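Please find below some brief notes for the file.

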Amino acid sequence: MIIAIVAVDNKMGIARNNKIPWYIPKDLKYFRKKTMGHPIIMGYNTYLAIKKPLPGRKNWVYTTKKIPGFSVFNSIEDILDKYIYKDIFVIGGAKTYEQWMPYIDKIILTSINKDFDCDKFFPMFNKEFELSYKSHQYSDNEQQYHYEHWTRRQSASATN
Ligand SMILES: NC(=O)c1ccc[n+]([C@@H]2O[C@H](COP(=O)([O-])OP(=O)(O)OC[C@H]3O[C@@H](n4cnc5c(N)ncnc54)[C@H](OP(=O)(O)O)[C@@H]3O)[C@@H](O)[C@H]2O)c1
């Protein structure tokens with residue numbers, strides 16, 4: 001299964017000035033728990049933001065450049081052929097979510113109840129996906145947030 005995992009503000013914003021403009025330690029733990037042991041896919045700008053590979057996960061960077069210490073790729077099909085039987089997490093950013101969206105089976109979303117005046121956004125997806133889970137509200141580091149899981153409607157799958 002190909003899973004996008006993302007944290008968004010109340011306008012679906014994911015970043016401002018090439019940074020995530022919030023810090024929610026409990027959500028970072030959630031991200032770590034969900035992705036641990038699975039391959040993760042990121043775009044070049046997200047790689048620049050995280051700088052070093054996230055431990056315990058195969059880190060793939062979607063780029064035309066070479067990056068010492070990271071695996072790189074520039075064709076989605078190459079990755080799909082390699083990991084067809086495993087869960088793969090697409091971890092951003094905006095451009096990478098957009099490119100992968102036709103292949104995404106599930107979206108794990110942290111929804112933060114505030115407008116952070118972002119300049120990068122998660123792509124629109126509601127029509128192709130249905131809400132399969134919604135958590136109660138959480139609070140950490142002065143932010144209110146909840147989790148949503150969106151699952152691709154069967155008839156809308158690009159890989160069926
Ligand atoms: N809120 C969240 O959950 C979250 C999650 C992740 C990231 N972010 C934030 O999002 C921001 C980055 O988003 P972004 O949209 O600027 O960048 P991005 O998706 O991380 O990276 C875009 C880059 O990836 C490469 N790329 C994309 N499509 C490609 C393709 N088809 N083939 C080969 N390479 C391709 C290109 O790099 P080159 O062509 O230059 O090689 C492109 O410039 C950062 O600020 C990050 O912190 C937020």
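Which residues are the closest to the ligand, and how many surround it?

1. Ligand shell. The ligand is surrounded by 26 residues, the closest being G43, N45, T63, G92 and G93; a residue is near if its C-beta atom, placed from the backbone, lies within 6 Å. At least two residues of the shell come from each of β1, β2, β3, α2 (44–50) and α4. The shell comprises 11 nonpolar, 11 polar and 4 charged residues, with Gly counted as polar.

2. Basis. This is a predicted model, in which local features need pLDDT of at least 70 and side-chain atom pairs count only at pLDDT 80 or more, while totals for chains, interfaces and linings use all residues. Residues are numbered from 1 along each chain as its sequence is written.

3. Fold. The chain has 4 helices and 11 strands (DSSP runs: H or I of at least four residues, E of at least two). Its radius of gyration is 15 Å, close to the 15 Å of the globule rule for 160 residues, so the chain is as compact as a globular protein of that length (C-alpha atoms; 2.2 Å times the number of residues to the power 0.38).

4. Core. The largest nonpolar core has 33 residues, with A4, V6, I41 and V90 making the most contacts inside it (buried Ala, Val, Leu, Ile, Met, Phe, Trp, Tyr and Cys joined through C-beta atoms within 7 Å; buried means 20 or more other C-beta atoms within 10 Å). β1 gives the most to this core, with 5 residues.

Note on methods: A residue is buried if 20 or more other C-beta atoms lie within 10 Å of its own, exposed if 12 or fewer, and partly exposed in between; C-beta atoms are placed from the backbone.
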